[in-house]
Amino acid sequence: MTSDKPSASPVWLPYTQMHTAPAPLIAARTQDTRIVLEDGRSLVDGIASWWTACHGYNHPHIRARVAAQLDTMPHVMLGGLVHRPVMELSERLTALLPGDLAHCFFTDSGSVAVEVAMKMAIQFWLNRGEKGRTKLLSFRGGYHGDTLATMSICDPEEGMHSLFSGVFPEQVIADLPLDAARYEALDQLLAHHAGSIAAIITEPLVQGAGGMVFHAPEVLARLRQLADKHGVLLILDEIFTGFGRTGTMFACEQAGIVPDIITLSKALTGGTMALAATVARRHVYEAFLSDSPMAALMHGPTFMANALACAAACASLDLFEREPRLAQVAALSTMLRDQLEPCRALSGVRDVRVLGAIGVVELEAIEDMAGLKAALVACGVWVRPFRNIIYLTPAFTITPEDLACLTTAIFTVVQAGAFRKVSS
């Protein structure tokens with residue numbers, strides 16, 4: 001089909017109704033925790049470019065390592081070849097991760113990392129001769145990506161995916177076992193689907209894009225217990241929570257458990273390059289070792305583990321070793337709690353909650369999203385509310401002054417009712 005209507009923009013923006021959206025702001029440069037626009041305005045970034053720039057923008061150590069790698073080899077196919085940056089990164093990641101998570105498969109984005117984890121879990125059973133285990137069990141409120149397979153394990157009622165109901169394979173969706181009753185219900189559900197579920201998948205401690213909903217480490221311990229009881233794999237999606245965001249290097253550490261497969265991305269390169277990893281335990285990896293080529297993991301993104309991204313990731317890990325990132329997260333957590341708490345008393349606020357370097361002000365509803373976003377920019381901050389949530393996930397290196405700018409802006413716009421529709 002063709003249309004006579006002229007195209008308003010050659011750039012198709014994510015999560016945006018292009019027909020009604022205002023013109024996007026044009027970023028000219030970044031530095032530390034600031035985004036400088038072409039018109040000269042400087043905005044404090046409160047979300048670290050979707051949670052990625054954990055060390056702030058343009059960190060000199062990451063920039064230097066990427067520049068050096070660019071001079072020697074920006075990319076070479078991983079098919080039949082490896083390179084030093086991917087070897088170093090794999091060794092360092094597996095040393096950091098708990099237990100025997102010892103085998104890294106690299107991709108270019110979080111969604112694809114989850115797709116690989118799903119594929120890995122299903123083929124694990126196929127390679128063992130169990131052909132019926134083709135479903136994943138995931139949880140209401142969960143979000144694992146926007147590709148077709150990952151959409152099937154997101155909350156089925158979540159706004160941006162409900163349009164595709166019936167398009168992708170039906171999975172098993174349950175409530176997180178937050179209490180004894182839901183634990184029992186999940187136990188029974190797993191028993192009912194015995195022989196058809198390959199793995200359980202969840203976001204540990206925080207369901208991010210599903211509403212920044214927190215749950216206790218004990219919930220993860222229950223999932224590990226149920227996975228073991230029913231003989232299924234446990235996948236933890238740490239794309240948001242990994243690399244210090246919840247207060248420990250990986251969220252699963254707070255529960256003292258080891259998943260069978262873990263997915264990582266976002267802050268993996270410090271927000272510099274696209275890179276993701278799906279890391280498996282030894283028993284998962286060993287199920288793919290065979291004389292038969294059909295037992296291999298047949299997946300291979302063209303730019304997987306490109307040398308530039310791996311160099312950036314190694315440099316990011318250097319910073320976690322050399323600089324006090326987790327101590328900075330602990331300090332941020334205290335400041336976020338103290339500075340956002342006054343919002344609780346404001347009209348229209350349902351809840352205020354903080355975990356690690358995540359601060360959330362949950363409203364009853366956001367009636368005027370465009371107006372709220374514009375009001376935040378007018379306060380000199382870059383914050384992107386969604387659904388009924390205003391949240392902060394700043395760089396761990398943010399200064400107290402810039403953090404105060406963010407929290408003051410949120411208080412100001414909520415107090416002024418910028419999220420409400422103006423009656424005509």
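Which residue in E16 is the bridge partner of Glu 362? I looked this up first, in what is a predicted model. The partner is Ile 389.

**Sheet**

E14, residues 358–363, pairs with E16 in the antiparallel sense over four bridges. The two belong to an open sheet of three strands, ordered E13-E14-E16, with antiparallel pairing. I noted the edges: E13 (349–355) and E16 (389–392) each have a single partner strand, so one side of each has no neighbour in the sheet. On average, neighbouring strands here are turned by 10° against each other, direction ignored. I also checked what packs on this sheet, and found helix H12, residues 400–415, touching E13, E14 and E16. The direction of H12 makes about 165° with that of E16.

**Lys 266**

I checked the record next. An unreviewed UniProt entry annotates Lys 266 as "modified residue: N6-(pyridoxal phosphate)lysine". I located Lys 266 in the loop between strand E11 (261–264) and strand E12 (276–281).

**Cores**

I looked up the largest nonpolar core, which has 89 residues. Phe 243 is among those with the most contacts inside it, as are Ile 410 and Val 414. Beyond four places in sequence, Phe 243 is in contact with residues including Leu 264, Ser 265, Ala 267 and Leu 268. Apart from this core I noted another, of 24 residues, including Met 118 and Ala 280.

Definitions and conventions: Residues numbered from 1 in each chain as written. Predicted model: local features only at pLDDT ≥ 70, side-chain atom pairs only at ≥ 80, totals over all residues. Heavy atoms only, no water. UniProt positions renumbered as here; feature names shortened; annotations may be inferred. Core = buried A, V, L, I, M, F, W, Y, C linked by side-chain atoms within 4.5 Å. Buried < 20%, exposed > 50% of the residue type's maximum accessible area, 1.4 Å probe, protein only. Contact = heavy atoms within 4.5 Å. Pairing = 2+ DSSP bridges. Axes fitted to C-alpha atoms, helices over the stretch in contact; angles between N-to-C directions.
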